[in-house]
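Me: I am learning to read protein models, and I would like to go through one with you, feature by feature. Please start with a single residue and then show me how its surroundings are read.

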Amino acid sequence: MLCAALFFGLGVWSLSSPSAKVFEHTTSTGEIRTIILTDGSKITLGGSTSLKSSFSDQSRQVTLNSGRAFFDVSPDIDRPFTVSAADTRIRVLGTSFDVAFRSEDVHVSVEHGRVDVSIIENGSVTDSSLLTDGMQISAAYTGVMGPKNNFDTNTLSWRQGQLAYVDTRLEDIVEEVNRYRTPSQKIKIADAALENLRVSFSVAADQTDTLLSGLEAILPIEVERSATGTTIIRASRED
C-alpha cells in the first residue's frame, strides 16, 4: 500500500556523544514517507529504505543503508551536511538531490543546487565530481566514478508515487520496482543479456504489474510467473 506521511523525529533516538543526536528511519515495501529533521531539512524515503541521521553542533550526517531517498537540505554554513552510502560521500550546503543505493553503484541526481560526490577508500578520497542543477552521476562499488550526465528532473516523481524512467537499464528499473512489490511478487531477470536493455517508461508505484505488461509489449521479452508467485523476465522464444 502506497502511503505518504509527515513525521518529526520518527525513529530510534540515542546519543552517540553528549552533543550528537542519532535517529533511525525505515520504510516498508511500497511505502513512501517524508521526515523532517531537527534542522528543518526534509528527507523523502522510497519503499524498503533504511537510513540513519546523526546531528551535532558541528555537523549533520546521514547514512543511507538501503533504498532511495530525496534530500531537501536547509542551508547551515556552520554545520556541513553529508550523506554516506557504501563508499560514496555526498557533501552539500543547501540543495535538493536524490540518492539511490543500487546493487552495483550509488546513483546521485541533483534537482537544484550543488553537491560534491566522492568515493572514499581507506579514509581517503580517490575520486570526486561536482554536480549542479539537473546533473547526475553513478559511483560504482569498484571505486570507479562514472561520467556526469544531464537528466530529466521529472524522473524524480517517485516522491509523488510515480516511477518514471528515461533511457534506463532494465536491471536498474527492476531493482527499484521490487521495493514496491511484496516478497512473493518480486521480479527476476532470468537472462543476463536482458539486463542492459534501455527503457523509457512511467508507472504508478502501486500498479507495477502495468509496467510488466508494458515492457513485454516494447521489448523482446516474455513475462512468466513461477509456482511461488515470483515474476520471471526471459528473452522471447523464437517461433
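Reply: Let us begin with Arg-79, which counts as buried because its relative accessibility is 16%, and the cut-off for buried is under 20%. Please keep in mind throughout that this is a predicted model.

Me: Is Asp-76 buried or partly exposed?

Reply: Asp-76 counts as partly exposed, since its relative accessibility comes to 22%. The two residues also belong together, for the side chains of Asp-76 and Arg-79 meet in a salt bridge, with 3.1 Å from N to O.

Me: Which parts does the salt bridge between Arg-181 and Asp-209 tie together?

Reply: The side chains of Arg-181 and Asp-209 meet at 3.1 Å, N to O. Arg-181 lies in the loop between helix H1 (170-177) and strand S17 (187-189), and Asp-209 lies in helix H2 (residues 208-218), so the pair ties together parts that are 28 residues apart in sequence. In this case Arg-181 is buried, with a relative accessible area of 2%, whereas Asp-209 counts as partly exposed at 40%. Salt bridges can also share partners, and here such bridges join Arg-102, Asp-105, Arg-169, Glu-171 and Asp-172 into one network.

Me: What are the buried residues of H2, and which elements do they pack against?

Reply: A helix is read with its repeat in mind: an α-helix has 3.6 residues a turn, so residues three or four places apart point the same way. The buried residues of H2 are Thr-208, Leu-211, Leu-212, Gly-214 and Leu-215. These buried residues pack against S16, H1 and S17, and also against strand S18 (198-204), strand S19 (221-225) and strand S20 (231-235).

Me: How many residues are in the largest nonpolar core?

Reply: The general idea is that, in soluble globular proteins, nonpolar side chains tend to be buried together. In this model the largest nonpolar core has 29 residues, and those with the most contacts inside it are Ile-43, Phe-71, Phe-81, Ile-90, Phe-97, Val-108 and Val-115. The largest share of this core, 4 residues, comes from strand S7 (residues 60-72). To see what such a residue looks like from close up, follow Val-115, which touches residues including Ile-90, Val-92, Phe-97, Val-108 and Leu-131. There is also a second, separate core of 25 residues, which includes Phe-151, Leu-156, Tyr-180 and Ile-233.

Me: Where is the place of Val-108, and which residues is it in contact with?

Reply: Val-108 has its place in strand S11, and it is buried, with a relative accessible area of 1%. Leaving aside neighbours within four places in sequence, Val-108 is in contact with several residues, among them Ile-90, Phe-97, Val-115, Val-117 and Ile-137. By contrast, the C-alpha atoms of Val-108 and Leu-212 are separated by 26 Å, and these two residues are 104 residues apart along the chain.

Me: How many aromatic pairs are there?

Reply: A pair of aromatic rings is described by the distance of the centres and the angle of the planes. The count here comes to 4 aromatic pairs. Phe-71 and Phe-97 form one that is stacked, with 5.1 Å centre to centre and 15° between the planes. Phe-71 lies in strand S7 and Phe-97 in strand S10 (residues 96-101), so this pair ties together parts that are 26 residues apart in sequence. Both Phe-71 and Phe-97 are buried. The rings of Phe-101 and Tyr-141, on the other hand, have their centres 6.0 Å apart and their planes at 45°, so that pair is tilted. Finally, Phe-55, Phe-71, Phe-81 and Phe-97 form one aromatic cluster.

Terms used: Residues numbered from 1 in each chain as written. Predicted model: local features only at pLDDT ≥ 70, side-chain atom pairs only at ≥ 80, totals over all residues. Heavy atoms only, no water. Salt bridge = Lys/Arg side-chain N within 4 Å of Asp/Glu carboxyl O. Buried < 20%, exposed > 50% of the residue type's maximum accessible area, 1.4 Å probe, protein only. Helix = DSSP H or I, 4+ residues; strand = E, 2+ residues; numbered from the N terminus. Core = buried A, V, L, I, M, F, W, Y, C linked by side-chain atoms within 4.5 Å. Contact = heavy atoms within 4.5 Å. Phe/Tyr/Trp six-rings, centres within 6.5 Å; stacked < 30°, edge-to-face > 60°.
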